[in-house]
Amino acid sequence: MKIALASARIIDRDINYNLSQMERYMKEAKAMGTDLVCFGEAFLQGFNALSWQYEEDKKIALTTSSPEFMQIKALTKEIGIDVLFGYNELEDDTIYSSSVLIADGKIIHNYRFIWK
């Protein structure tokens, strides 16, 4: 298995831009024969996207059924490469710092971290 680590530019709170970076690096990695491309912590929303104000932050946190996730799932199938990335996840009333592995359009594992 060939794994690529992406050191891509992100813009905090600009999910569309960050998605475009993911697509770009997924295509580049696939062209180099890579099986899995990995992005950093909180990549999807940006590392400093949270304001630490719950009502504001839950607006930028995403569920795994969001349109953005549907887009990433489709990209893994279309491009033919697996992806691992960090994001701010909203599940019920909790925001997690999560990392997800998506392969062939399916979530293989979603790891949630929360401070205790």
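Author: Strand 3 is mostly covered, with 7 of its 10 residues buried. The model is a predicted one, and every value below is computed from it.

Take the two sides of strand 3 in turn. Toward strand 2, the pairing is parallel and has 3 bridges. Val83 in strand 3 is the bridge partner of Val37 there. Toward strand 4, the pairing is antiparallel and has 9 bridges. Val83 has a bridge partner in strand 4 as well, namely Ile102. Strand 3 and strand 4 also form a hairpin, with 2 residues between them. Asp92, in the turn, has a positive phi of about 55 degrees.

Next, a residue in the neighbouring strand. Val100 is found in strand 4. Its relative accessibility is 0%, so Val100 counts as buried; the cut-off for that word is under 20%. Leaving out residues up to four places away in sequence, Val100 touches Val83, Leu84, Phe85 and Tyr87, and also Phe69, Ile107, His109 and Asn110. One of these, Tyr87, is 13 residues from Val100 in sequence, with 8.0 Å between their C-alpha atoms.

The loop between helix 2 (54-60) and helix 3 holds Thr64. With 23% relative accessibility, Thr64 counts as partly exposed. Apart from neighbours within four places in sequence, Thr64 is in contact with Phe69, Met70, Lys73, Tyr87, Glu89, Ile107 and Asn110. Thr64 and Asn110 are 46 residues apart in sequence, yet their C-alpha atoms are 9.0 Å apart in space.

At the other end of the strand order, strand 1 and strand 2 (residues 36-38) pair in the parallel sense over 3 bridges. Leu5 stands opposite Cys38 in strand 2. Leu5 also forms a nonpolar surface patch with Met1 and Ile3, and the accessible area of the three together is about 410 Å². Ile3 lies in strand 1 (residues 3-5), and at 48% relative accessibility Ile3 counts as partly exposed.

Last come the charged pairs. Side chains of opposite charge can pair when their charged atoms come close. The model has 7 salt bridges. One of them joins Arg13 and Glu56, whose closest N and O atoms are 3.2 Å apart. This pair links distant parts of the chain: Arg13 is in the loop between strand 1 and helix 1 (15-31), while Glu56 is in helix 2, 43 residues away. Arg13 is partly exposed, with a relative accessible area of 39%, and Glu56 is partly exposed at 33%. Arg13 and Glu56 are also linked with Lys59 in a network of salt bridges.

Notes:
Residues are numbered from 1 along each chain as its sequence is written. This is a predicted model: local features need pLDDT of at least 70, side-chain atom pairs count only at pLDDT 80 or more; totals for chains, interfaces and linings use all residues. Side-chain values use heavy atoms; hydrogens and water are left out. Patches are made of residues with over 30% relative accessible area and no salt bridge: like charges are joined within 9 Å, nonpolar side chains (Val, Leu, Ile, Met, Phe, Trp, Tyr) within 5 Å. Accessible areas come from the Shrake-Rupley method with a 1.4 Å probe; for residues, only the protein chains shown count as cover. A salt bridge is a side-chain nitrogen of Lys or Arg within 4 Å of a carboxyl oxygen of Asp or Glu. Helices (H or I, at least four residues) and strands (E, at least two) are DSSP runs, numbered from the N terminus. Buried means under 20% relative accessible area, exposed over 50%, partly exposed in between (1.4 Å probe, protein chains only). Two strands pair if DSSP finds at least two bridges between them. Contact means heavy atoms within 4.5 Å.
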